[in-house]
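Have a look at the sequence and the model below, and keep them in view as you read.

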Amino acid sequence: MLSHRLSRPPQRLIAGWAPLPRLTPLLELSSQDPVCLVAYIDRTGADFERRGAAGPQDAG
């Protein structure tokens, strides 16, 4: 169960059935900017970047 407060009600009814959840509408209606970790991977290693409201930051 997910209990999350939205910044505003949805503009239209969104309903569907799929193997994976569709999270984009939830992120658009959230009052916060999502934070995510981006990995740049190649044959020599990987670089990690944290992206959020403050902009991209090196994460190792």
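Arg51 touches Pro34, Val35, Cys36, Val38, Tyr40 and Pro56, leaving aside residues up to four places away in sequence; contact here means heavy atoms within 4.5 Å. A word on the ground rules: this is a predicted model, where local features need pLDDT of at least 70 and side-chain atom pairs count only at pLDDT 80 or more, while totals for chains, interfaces and linings use all residues. Residues are numbered from 1 along each chain as its sequence is written, and side-chain values use heavy atoms, with hydrogens and water left out.

Strands (E, at least two residues) and helices (H or I, at least four) are DSSP runs, numbered from the N terminus. Is Glu49 buried or exposed? Glu49 is buried, because its relative accessible area is 18%, and buried means under 20%. Arg51, at 36%, is partly exposed; that class lies between buried and exposed, where exposed means over 50% (1.4 Å probe, protein chains only).

Side chains here also meet through polar contacts. A polar contact is a pair of N or O atoms within 3.5 Å; within protein, one must be able to donate a hydrogen and the other to accept it, and residues adjacent in sequence count only if both atoms are side-chain atoms.

| Side-chain pair | Polar contact |
|---|---|
| Arg51 and Glu49 | 2.6 Å |
| Arg51 and Tyr40 | 2.7 Å |
| Asp42 and Thr44 | 2.8 Å |
| Glu49 and Tyr40 | 3.3 Å |

Beyond residues up to four places away in sequence, Glu49 touches Cys36, Leu37, Val38, Tyr40, Pro56, Gln57 and Ala59.

**The sheet around them**

Three strands form an open, antiparallel sheet in the order E1-E2-E3. Strand E1 (36–42) and strand E3 (57–58) each have a single partner strand, so one side of each is left without a neighbour in the sheet. Two strands pair if DSSP finds at least two bridges between them. How many bridges link E1 and E2? Seven bridges join E1 and E2 in the antiparallel sense, and a hairpin connects E1 to E2 through two residues. Along this pairing, Cys36 stands opposite Arg51, Val38 has Glu49 as its bridge partner, and Ile41 has Ala46.

Arg50 has Gln57 in E3 as its bridge partner. The hairpin of E2 and E3 has five residues between the strands, and Gly55 in this hairpin takes a positive phi near 95°.

**Distances across the model**

Asp42 lies in strand E1, and its C-alpha atom is 28 Å from that of Leu23, 19 residues apart along the chain.

**The largest pocket**

A pocket is an open set of points on a 1 Å grid over the protein atoms alone, where a 1.4 Å probe fits, with protein on both sides within 12 Å along at least five of seven lines; lining residues have an atom within 4 Å of a point. Of the 16 lining residues, the closest to the centre of the pocket are Ile14, Ala15, Gly16, Arg22 and Pro25.
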